[in-house]
Amino acid sequence: MTGETCFTLEATDGAARAGAVHTAHGDIPTPAFMPVGTKATVKTLHPDEVRAMGASIILGNTYHLHFRPGEDVIEELGGLHAFSGWGGPILTDSGGFQVFSLRDTLLAVDDDGVTFRNVYDGSAERFTPELAAAIQTALGSDVAMCLDQVVPPTLPRRQVEEAVRRTSDWAARQREAPRAPGQLRFGIAQGGVDRELRRRSTLEIAALDFDGNAIGGLSIGESRDELFELTAFSCELLPAGRPRYFMGIGDPEGILRVIGSGIDMFDCVLPTRLGRTGSATTWDGRLNLRNARFARDEGPLQEDCECPACTRFSRAYIRHLVTQDELLGLRLLTLHNVHFLLDLCREARRAIIERRFGAFSEAALERLGSGTAQSTPRRSTG
């Protein structure tokens with residue numbers, strides 16, 4: 001926040017951008033899908049597998065790591081990178097989404113912070129902007145997110161406006177908070193589906209000159225049309241020289257659409273959650289491998305896919321594993337789903353650099369057709 005930027009813009013094609021985010025643990029080529037490792041692990045996967053598929057960054061979550069095992073334990077053991085065995089960049093969410101989305105646990109919010117019952121033992125806890133920053137400093141992540149007030153799209157405008165004001169005030173308090181060596185800090189805009197409040201929040205957060213800017217409070221129940229329209233609207237207001245992060249999208253159509261609006265980074269638990277529930281993301285839509293029609297299907301999950309599942313195993317075998325509750329089946333599906341999205345981002349980046357993103361996106365969306373998987377709201381675990 002000294003006028004320098006952690007972002008290099010390499011190419012544009014319309015609003016779509018290709019670039020790199022520079023961090024203490026390496027560069028992140030963008031557009032970048034970030035696999036979610038809520039509790040310091042991308043569920044069921046070894047860090048080397050995640051890296052081998054092309055992931056350049058993963059996520060950890062302040063809320064969950066604060067309670068289990070505690071940031072003091074992680075700091076004592078060398079920080080989140082050493083603790084988890086992941087040597088590349090890590091982004092940590094502030095915990096705000098978990099605090100405000102788990103409605104049954106929320107007790108009170110005021111200008112100083114938020115009080116809630118934690119999901120582990122029900123005890124009353126409190127997060128402040130300063131505490132969220134301090135936890136992430138102890139974790140030693142490469143990108144730390146500001147604590148924000150997340151509100152559902154159904155709230156009255158007056159309450160959304162109050163959340164916008166509070167989010168800006170909290171961001172200002174975190175701007176100069178201590179940070180780990182080389183740690184970047186991103187601000188988060190709110191505003192619900194109200195264009196004027198979204199404009200106000202985006203401009204107020206951008207004016208604080210964080211290392212990057214995130215679009216928060218979407219993909220939590222509003223319509224898809226509103227999501228995409230507000231994403232494009234927000235990107236037009238954000239500075240070109242800072243990375244842009246959409247919080248919580250992980251379906252192929254959604255990824256292509258937000259890239260086309262100018263988003264650089266995005267995350268979602270969807271690919272890992274689908275894998276653990278027996279489903280695969282493909283160009284033909286979402287496949288439920290529990291379906292009997294795959295019992296004798298000798299083809300791969302996706303033709304021409306080079307992931308560890310598709311290059312060796314058939315749909316029939318993976319279905320057998322899933323129906324018999326064999327963990328390998330869920331791991332193979334997770335490997336495939338994460339690989340599918342990482343590969344999509346690689347192809348999108350190449351298309352932007354070659355100035356053919358419009359045609360690439362149109363063809364990909366047409367190929368996905370009506371069977372495309374829909375994004376789900378970000379959740380507390382991935």
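Helices here are DSSP runs of H or I with at least four residues, strands are E runs of at least two, and both are numbered from the N terminus. This is a predicted model, with residues numbered from 1 along each chain as its sequence is written. Local features need pLDDT of at least 70, side-chain atom pairs count only at pLDDT 80 or more, totals for chains, interfaces and linings use all residues, and side-chain values use heavy atoms, with hydrogens and water left out.

**View 1. The largest pocket and its lining.** The largest pocket has a volume of about 270 Å³. Of its 14 lining residues, Trp283, Phe340, Asp343, Glu347 and Arg367 are the closest to the centre. Helix 13 (327-353) and helix 14 (357-368) are the elements that give two or more residues to this lining, and helix 13 gives the most, with five. (A pocket is an open set of points on a 1 Å grid over the protein atoms alone, where a 1.4 Å probe fits, with protein on both sides within 12 Å along at least five of seven lines; lining residues have an atom within 4 Å of a point. Points are joined across faces, edges and corners, and the volume is the space filled by probe spheres set on them.)

**View 2. Helix 12 and what its buried side packs against.** Helix 12 covers residues 315-323, and its buried residues are Arg315, Ala316, Ile318, Arg319, Leu321 and Val322 (buried is under 20% relative accessible area, exposed over 50%, partly exposed in between, with a 1.4 Å probe and protein chains only). They pack against strand 16 (285-288) and helix 13 (contact is heavy atoms within 4.5 Å).

**View 3. Aromatic pairs.** The model has 11 aromatic pairs (Phe, Tyr and Trp rings, the six-membered one for Trp, with centres within 6.5 Å; planes under 30 degrees apart are stacked, over 60 edge-to-face, the rest tilted). Phe67 and Tyr120 have ring centres 6.3 Å apart and planes at 50°, so this pair is tilted. It links distant parts of the chain, 53 residues apart: Phe67 is in helix 2, Tyr120 in the loop between strand 8 and strand 9. Phe67 is buried at 12% relative accessibility, while Tyr120 is partly exposed at 28%. Phe313 and Tyr317 are stacked, because their planes are at 25°, with centres 5.4 Å apart.

**View 4. Arginines over rings.** Arg51 lies over the face of Trp86, 4.7 Å from the ring centre. Arg195 puts its charged end over the ring of Phe233, 4.1 Å from the centre. (The cut-offs: NZ of Lys or CZ of Arg within 6 Å of the ring centre and within 35 degrees of the ring normal.)
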